[in-house]
Amino acid sequence: METIRIGLMGLGTVGSGVVRILNDHQDDLSRQTGSRIEIRRVLVQDKEKARDIALPSELLTQNAEDIVGAADIDVVVEVMGGVVQTKGLMEKALRSGKHIVTANKDLMALHGAELLAIAQEHGCDIFYEASVAGGIPIIRALSESFSSDRITRMFGIVNGTTNFILTKMSGEGASYEDVLKEAQALGYAEADPTSDVEGLDAARKMAILATLGFRMNVALGDVSAKGISSVTKEDILYGKRLGYELKLLGVAERDGDSVSVSVQPAMVRKSHPLASVNGVYNAVYVYGEAVGETMFYGPGAGSMPTATSVVADLVAVVKNMRLKVNGQGLSKAYKEKKLQSDDRIFGKFFLLLHVEDKAGVLAQITQVFAKHEVSLESVLQQPNQENPKAEIIIITHDTNLSGMNRVIDELDSMDVVNKIKSVYRVVG
């Protein structure tokens, strides 16, 4: 039986999971691929570090060239992260004829198109299922299962850290600051949580999904991103009273030949399945012209779920090697990128306003919405003994983003409006 030789770059949470799966499932993997998959070398930062995964010391190296420049490595599995240095190493591996499996969302969001072009030029595979939504097979679904359809919309929860925080805030009435500290203590959030809580991690994932789903190169800079750091327990409480849960959603939509991609906190109606996606779990909705509505749900991170996606990609590479079709099935963008203007981006919105508590204020506010042709679904004034100002909650009907922005600008300039406390998109 032919042996496929693997160079594993990184032996942290995901890398350790990859080793465990390859060791424990070797017989099944060999029967599926017709080849034995063998880890030939592992890149680590410190060879002497104590680890909970046993590997012969002769397999460990601290020199990346021992993998990307080695003649006895067929496939590079990159799970160490990083962008600039890692990109250079992946380019060298591809140019030397090595196939790549990566879990690196930052790398693929920023340089995926370039790496895919190099891979195709040199007849190599580069697969990256684990870069989005951990153990959920969303990348393969978009590139293969939906290849006969035209995707019109994708949205969902693609960051487990923020979903954990919002779930705890909703269930316990806790503040953002307190739950963030808990998430850090549990290892769900980094010491510097900026990438997660400001929506940057989710934006990278949505750029990858939009590129695949819409067949056009959507760059990270094309994704408008707003995180959850300004979300308060009051926002969540008011949403719950009206039948909504607050979630950080990635949204990618196509209208004709133009697209929009964003990440933002949104009010999700409790009857919608996304409202019950809690903790560190992820879920992605995909709408196709032919298939209609589909949903993918599962663990968005973790050692074994993410490693499962990595090894699944590895199996695909090995099968392609046996069929001698590596580099021929890569999903590349081929459509011209066109981004939607704000007047073509539609949605419902939730607004929480602090206003002067006197006669005629509500009439002045509703006139602003009418002026900009934004119709209202509901208007509710909530008593709050802790706030001397009146609190008004407004939910609009579908309206375009440009009209909504004009309303917000005018409300912000009104003397009777003390503060625009919150503005969220409404889903469901």
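## Helix α8 and its buried face

Let's start with helix α8, residues 176-186, where Y176, V179, L180 and A183 are buried (under 20% relative accessible area, with exposed meaning over 50% and partly exposed in between, using a 1.4 Å probe and protein chains only). Looking down the axis of α8, these buried residues fall within an arc of 105°, so they line one face of the helix; the arc is taken from the directions between the helix axis and the C-beta atoms. An α-helix has 3.6 residues a turn, so residues three or four places apart point the same way.

What covers those buried residues? Among the elements in contact (heavy atoms within 4.5 Å) are α7 (160-172) and α9 (194-197). On the face of α8 turned away from the buried side sit the exposed residues K181 and A185. After α8 comes G187, with a positive phi near 85°.

## About the model

This is a predicted model, where local features need pLDDT of at least 70 and side-chain atom pairs count only at pLDDT 80 or more, while totals for chains, interfaces and linings use all residues. Residues are numbered from 1 along each chain as its sequence is written, and side-chain values use heavy atoms, leaving out hydrogens and water. Helices (H or I, at least four residues) and strands (E, at least two) are DSSP runs numbered from the N terminus.

## Where α5 meets α10

Next up is a pair of helices. The axes of α5 (residues 105-121) and α10 (residues 200-214) come within 9 Å and cross at roughly 50°. Those axes are lines fitted to C-alpha atoms over the stretch in contact, with angles running from 0 to 180 degrees between N-to-C directions. The two helices are therefore oblique to each other (under 35 degrees counts as roughly parallel, over 145 as roughly antiparallel, 65 to 115 as roughly perpendicular, and the rest as oblique).

Which residues do the meeting? From α5 there are K105, D106, M108 and A109, and from α10 there are D201, R204, K205 and I208. The contact residues divide into three nonpolar, no polar and five charged.

## Two residues with positive phi

Most residues other than glycine have a negative phi. A133 has a positive phi near 60° without being a glycine, and is found in the loop between β6 (126-127) and α6 (138-145). At 1% relative accessibility, A133 counts as buried.

K324 isn't a glycine either, yet has a positive phi of about 60°. Its loop runs between α12 (303-323) and β13 (346-355). Is K324 buried or exposed? With a relative accessible area of 69%, K324 is exposed.

Terms used: Ala, Val, Leu, Ile, Met, Phe, Trp, Tyr, Cys and Pro count as nonpolar, Asp, Glu, Lys and Arg as charged, and the others, Gly among them, as polar.
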